[in-house]
Number of protein chains: 2
Amino acid sequence: MSGLVTLTDIEAARDRCKEVFFRTPLVPFLPDPIPQSKRLMLKAESLQPTGAFKLRGAFNKIALSLPQAREHGIVAHSSGNHARAVAWIARSLDLKAVIVMPDTTPDAKVAATLALGAEVVMVTPDERDTRAFELAAEHGYVPIPPYDDESIIAGQGTVGLEILEDAPGVSTVVVPVSGGGLIAGISTAIKSVSPHVRVIGVEPSLAADARESFTTGVRTAWEASHTYRTIADGLRTTCVGELPWRQIQKYVDDIITVSEDEIRDSVRRLALEARLVAEPSGAVAAAAYFHHADGLAEGTTVAVVSGGNVDPSLFVDILSNG
Amino acid sequence: MSGLVTLTDIEAARDRCKEVFFRTPLVPFLPDPIPQSKRLMLKAESLQPTGAFKLRGAFNKIALSLPQAREHGIVAHSSGNHARAVAWIARSLDLKAVIVMPDTTPDAKVAATLALGAEVVMVTPDERDTRAFELAAEHGYVPIPPYDDESIIAGQGTVGLEILEDAPGVSTVVVPVSGGGLIAGISTAIKSVSPHVRVIGVEPSLAADARESFTTGVRTAWEASHTYRTIADGLRTTCVGELPWRQIQKYVDDIITVSEDEIRDSVRRLALEARLVAEPSGAVAAAAYFHHADGLAEGTTVAVVSGGNVDPSLFVDILSNG
């Protein structure tokens, strides 16, 4: 691949990976059956085997480097859903996997990664971005970046193809933004097939670097000390990746923000009214529908529920206290 | 219809209703990707718009009596998922709906039914079974029984057709049993198409009237004071219905029981490992896989997650205390 990721890349990813990840449902949100002028459907990526969309990009990347991955192994840095996806795929393909995790990672997440047979390397947070690449250079591991990679973007874009198949009349697709791989892929798929469909990114207002980048036109980083304030731990990345940024500038219509209270309310409503367990990061797109529907077009909105790996005690707190 | 409900009845229900209820996904349960000799897939009826499978049978029944329903209205007795389904369908078709509820029904459930525009008639528990039929006779309402009706059974059977389409290689299908409408329909569909697939019913051991009926061959009722001990409030019916019983005797391979602790554990695991909100009644089939897999055949087991309308405080208690 070179230049922008294209629809062809995304279709190739779909064909390459279709036996691996789950073709998630588009769940109608219809607590009241009387047609509303604005309807919601939920793309439940939380139902993937590892509980998040990350399997898609990671598998596409690994499949394209399989000979090297089989000979030497793969390496990724992540404490969250990307680590889980990479470890899961490595186990299914019998590959060596090394996961670089910051030494602040909760024990439960380390244990889950070890349980999938991956080797875990703990680093200080400032080594996190470099250590995986050092290990790759040293041992010949294939690096599997979380978002700033064309094959990863193409893999995540398969979500967009499925949305168009299942909701051909969709007006608006709302997608969480962190490093930007998911919205880059989805917006490319959607705009290439149906240019009139609006694609909107959502961030916590406490981690709104992509919103700022989008409004100013200049890719901008926020301090981690700021982005780490949000409960949406999957959306604390301090800056959109360079490759996703190019796709976002071309294909995304807007990036909006939601408050912490709106995120918590959305987690609660998704559990009790849609019966889906969403993590806070996975609930921001639905929060935009629940709390900012005035900014959405008439017709059907699809909100991507990007993941469901919520910390049990946080989930209990949200369900107990609203 | 006369005699047993047949595959033809179920296929007709599917064709009649396919625009109304959601074609729920079969979600792979794969916390570990390495193939197990016994795999689990979850038929997530909890994702129906009203949070339970009950829409299927109720819509089939109402559709078959539409002229009378339009002229006079419909009546049902239920405090739970059947009430919600009937009220939801009535609102979508602009029919008058009367729901007879025991005066012990929690306020939240009454309010939810009123919010859907239904009229609620409160009765003492001992009037519950008769009052709906009296109202039907008096006002010409079409009675929509919860399970003891051929059209209801045929509607619930559409779950079985979908399972066979999505998991053609399934070995075992596990289904909660209460009044028996769901397992009657599913077992009829499955055995008519694929007689080698095993169909297993599951009950709480505290409400095991169907298990007793199945083992003795005599349809047997338990005292409500016994069945009401289980937290699985959707499975407290004291006796399998007469029509479901005929189908069960012909098509079901076994009925097994699970403990209260196993049900709670299953609700917790479905939330945290499959990211599905299940009510206790909806979790009993998965509990059979989690805790009694030795009694299941090799290959793929499909567990029907029949509903997800869990009381929020009970859900919090289960998530907090395991």
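Predicted model: local features only at pLDDT ≥ 70, side-chain atom pairs only at ≥ 80, totals over all residues.
Let us go inside chain A next. Where they touch, domain 1 of chain A contributes 29 residues and domain 2 of chain A contributes 17 residues. On the domain 1 side of this contact in chain A, at least two residues each come from α1 (7-17), α7 (150-156), α8 (158-166) and α12 (242-251). Among these helices, α7(A) gives the most, with 6 residues. By residue type, that side of domain 1 of chain A divides into 12 nonpolar, 14 polar and 3 charged residues.

Now turn to chain B and look for an open sheet of 4 strands. Its order is β5-β4-β3-β6 (chain B), and the pairing is parallel. Which strands stand at the edges? They are β5 (119-123) and β6 (142-143) of chain B; each has a single partner strand, so one side of each is left without a neighbour in the sheet. For β6(B), you can follow the link to strand β3 (residues 74-77) of chain B: the two run parallel and are joined by 2 bridges. Here B:Val75 stands opposite B:Pro143 in β6(B). Across β3, β4 (97-102), β5 and β6 of chain B lies helix α6 (residues 128-139) of chain B, which runs at about 175° to β3(B).

B:Phe22 sits in the loop between α1 (7-17) and β1 (26-29) of chain B. Is B:Phe22 buried or partly exposed? The call is partly exposed, because B:Phe22 has 18 C-beta neighbours inside 10 Å, while a buried residue needs 20 or more. Leaving aside residues up to four places away in sequence, B:Phe22 touches B:Leu47, B:Gln48 and B:Pro49, and also A:Pro28 from the other chain. For a sense of distance, compare B:Phe22 with B:Ile99: they are 77 residues apart along the chain, and their C-alpha atoms are separated by 23 Å.

Methods:
Residues numbered from 1 in each chain as written. Chains lettered and ligands numbered in written order. Pairing = 2+ DSSP bridges. Contact = placed C-beta atoms within 7 Å. Axes fitted to C-alpha atoms, helices over the stretch in contact; angles between N-to-C directions. Buried ≥ 20, exposed ≤ 12 C-beta atoms within 10 Å, placed from the backbone. Nonpolar A, V, L, I, M, F, W, Y, C, P; charged D, E, K, R; others polar.
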